[in-house]
Amino acid sequence: MVGIKDIAEAAGVSLSTVSNVINGKRNVGKKTREKVLQLIEEMDYVPNEAGKLLKTKENHTILFVFSDFDRSFYLEVLKGVNDYLKNKDYDLLICTQRSCEKYMRNNMSSGCIVLDAALRDDTILRCANENYPIVALDRTSASPYVRSVIVDNYPPMCEMMQDIIDRGYKRFAFLSGVETSLDNMERYRGFCDTIEKNGLHFHQKNYFVGDYREESGYTAGKILSLAEHLPDALICANDNMAIGAIKAFKENNIRVPEDIAVTGFDDIERAQEIGLTTITVPDYERGYLAALYLMEALNGKDVAKTFQISPKVKMRKTVLVKKQK
């Protein structure tokens, strides 16, 4: 690859002269400028943008961090982020949690949007500063440099559970996502509080730990299929796990919703296709708002620390209109 040193040697000038020509400075004579530009074209010289960024500490790149490729809602979030940024002269860099920290600095990216439960809070706190704002989609933070666009999980979970109980369901199982995630904790709290409010009891033997992936839902469904008495309904912390559980029930000739009702959370495309009762999260809008929040932070605008998105309950055919006693 041709470098600036090669251009300088061919032109018989100093490195600084070539640099001045490349950067459009006016302290170079006309003939010398023309000679350097001609050699740049003839020798097919391409500026090293990465090196330039390291020196100038200026860029127009937004980093998006995630690592769970099994969850389809990420694509909608990314569409929202990209649609906001595409008219703002900013590039979008997508990175996994394993290698993200080296890019979470202002000589590599301007700011960061995080949607990855595996990314530790201390990493975010270490990277966020006055010159490097971060927007989190999966947590809140005490740092003044971290803003949050999060889902208000608790009210719709309470609403959905109350509707299910009103239909005659009394015995429940719960399949969690990543237990330490804010989404999971709020969804489980809404589940438990509504059961308690209605004078019902939840047995901890019917609590299953998942990880938001379809495979963990399938495993929970296989285990439940072995039980002597099925619960009335399996409440899953997201759609992917609900879809996995339904697959396991079908393989074991357990009917949904006649033998057991199943619900999810997110309303991904596959949930709509199978008629899954769930809670709709506007993921495209979520991504768009995250990008807007980050851009306002980069422009020094004063915005609220946290923006909460309100999801909507979607009752579909995986829950009976009325549970038979």
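Val-65 stands opposite Val-114 in strand S3. Strands here are DSSP runs (E, at least two residues), helices are runs of H or I with at least four, and both are numbered from the N terminus. Strand S1, residues 61-65, and strand S3, residues 111-114, pair in the parallel sense over 4 bridges. Two strands count as paired if DSSP finds at least two bridges between them.

A word on the source. This is a predicted model: local features need pLDDT of at least 70, side-chain atom pairs count only at pLDDT 80 or more, and totals for chains, interfaces and linings use all residues. Residues are numbered from 1 along each chain as its sequence is written, and side-chain values use heavy atoms, leaving out hydrogens and water.

Now the whole sheet. It is open, with 6 strands in the order S2-S1-S3-S4-S5-S11, and the pairing is parallel. At the edges are S2 (91-95) and S11 (306-309), each pairing on one side only.

Helix H12, residues 283-298, packs on this sheet. H12 touches S1, S3, S4, S5 and S11. Contact means heavy atoms within 4.5 Å.

Next, the core. Which residues touch the most other members of the largest nonpolar core? Phe-64, Ile-113, Phe-172, Phe-191, Leu-234 and Ile-235, out of 67 residues. Such a core is a set of buried Ala, Val, Leu, Ile, Met, Phe, Trp, Tyr and Cys residues joined through side-chain atoms within 4.5 Å. Buried means under 20% relative accessible area, with a 1.4 Å probe and protein chains only. Helix H5, residues 73-85, gives the largest share of this core, 7 residues.

Take Phe-64. Its contacts include Tyr-74, Val-77, Ile-113 and Leu-137, not counting residues up to four places away in sequence.

Methods
Buried < 20%, exposed > 50% of the residue type's maximum accessible area, 1.4 Å probe, protein only. Axes fitted to C-alpha atoms, helices over the stretch in contact; angles between N-to-C directions.
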